[in-house]
Amino acid sequence: MNYFHLCYLAQKKNIEPIVKAKKRSYKRARKNIIKSYEKLFELSDELSGRWANIKQSSKVKISGIVNAKIDENERSNNHFSRGINSYKLLWIFYIGSFGGVILEMFWCYLQNGYIESRQGLIYGPFNILYGFGAVALSYFLYRFRNHSDWVSFLGGFIVGSVLEYICSWGQEFALGVRSWDYSHLPLNINGRICLFYSLIWGLLGVVWIKIAYPLLSILIMKIPNKIGRVQTWMLLVFFIFNIIASIFVMVRWTERHNGKESTSSLSRYIDEKYPDERMERILPNWKFE
């Protein structure tokens, strides 16, 4: 090994750490540039959505539907449901549980020519699946409410599909029943979700976060602070009681379907007050596995 070769090796050893450091620096710079571009794209999309929202609002003369004005009114009034806090989500849950049943009954009438129950609880026209759907769309799409429609569509598509699959699986796992089955539709996953209804969820995401959520926020904001807080907790107690009572009745209905005799005073009471005929009227779409 000659002198020049030794000098080359020594120089290479000194340069190698510098080259590696430069390489790491370039990688960090590339990541920062990508993040900056994504942030700028997100900001541009949000500003475009805000501007479209303002223009649309001025055309239809509903200035209150502008999200910026809703946010400002909630802050200035220090409203109990400002932003996307727990009070707002609970009220969305209550309204969604009721409104979803009414819309489903109306849709059933348009499709079949008759009104059929779509409730999911034994007391009142409420279905918590619709309530959870409204809460999920509101919570996950809230930060994108000023973005373009395609962002809301994609969010609704994903959130609705995941929620629908989880609810279907949970219902079958806990109670051994199904309220819907898409096995007859193309591109379905275990009959729990399918492409068609996932697309419907996407459209619903746009309608919900662009129109329904702002209008609900305006409606909820009309509830006085002191009364609103008390009403929120009273309704929560009612829903918790309703859910627990419904679970007991549904579990006993499943046991009766499987041939299990009543063994306690509670089960006998449920059998008397909620026989199969009544449960079939309340939950006509339940299908035992």
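The questions and answers below concern salt bridges and accessibility in a predicted model.

User: How many salt bridges does the count come to?
Analyst: The rule asks for a side-chain nitrogen of Lys or Arg within 4 Å of a carboxyl oxygen of Asp or Glu. Applied to this predicted model, the count by this rule comes to 13 salt bridges.

User: What is the N to O distance in the salt bridge between R252 and E255, and where do the two residues lie?
Analyst: Both R252 and E255 belong to helix α7, which covers residues 225-257. They are 3 residues apart there, about one turn of the helix. Their side chains meet in a salt bridge whose N to O distance is 3.2 Å.

User: Is R252 buried or exposed?
Analyst: A residue counts as buried when its relative accessible area is under 20%. The value for R252 is 4%, so R252 counts as buried.

User: Which helix holds D276, the residue paired with R256?
Analyst: The side chains of R256 and D276 meet in a salt bridge of 2.8 Å, N to O. This pair links distant parts of the chain, 20 residues apart, with R256 in helix α7. D276, for its part, lies in the helix of residues 276-282, helix α9.

User: What is the relative accessibility of D276?
Analyst: R256 is buried, because its relative accessible area of 18% falls under the 20% limit. D276 counts as partly exposed, because its value lies between 20% and 50%. The relative accessibility of D276 is 30%.

User: How far apart in space are L103 and R118, C-alpha to C-alpha?
Analyst: L103 lies in helix α3, residues 86-112, and is exposed, with a relative accessible area of 61%. L103 and R118 are 15 residues apart in sequence. In space, C-alpha to C-alpha, L103 and R118 are apart by 9.2 Å.

Methods
Residues are numbered from 1 along each chain as its sequence is written. This is a predicted model: local features need pLDDT of at least 70, side-chain atom pairs count only at pLDDT 80 or more; totals for chains, interfaces and linings use all residues. Side-chain values use heavy atoms; hydrogens and water are left out. Helices (H or I, at least four residues) and strands (E, at least two) are DSSP runs, numbered from the N terminus. Buried means under 20% relative accessible area, exposed over 50%, partly exposed in between (1.4 Å probe, protein chains only).
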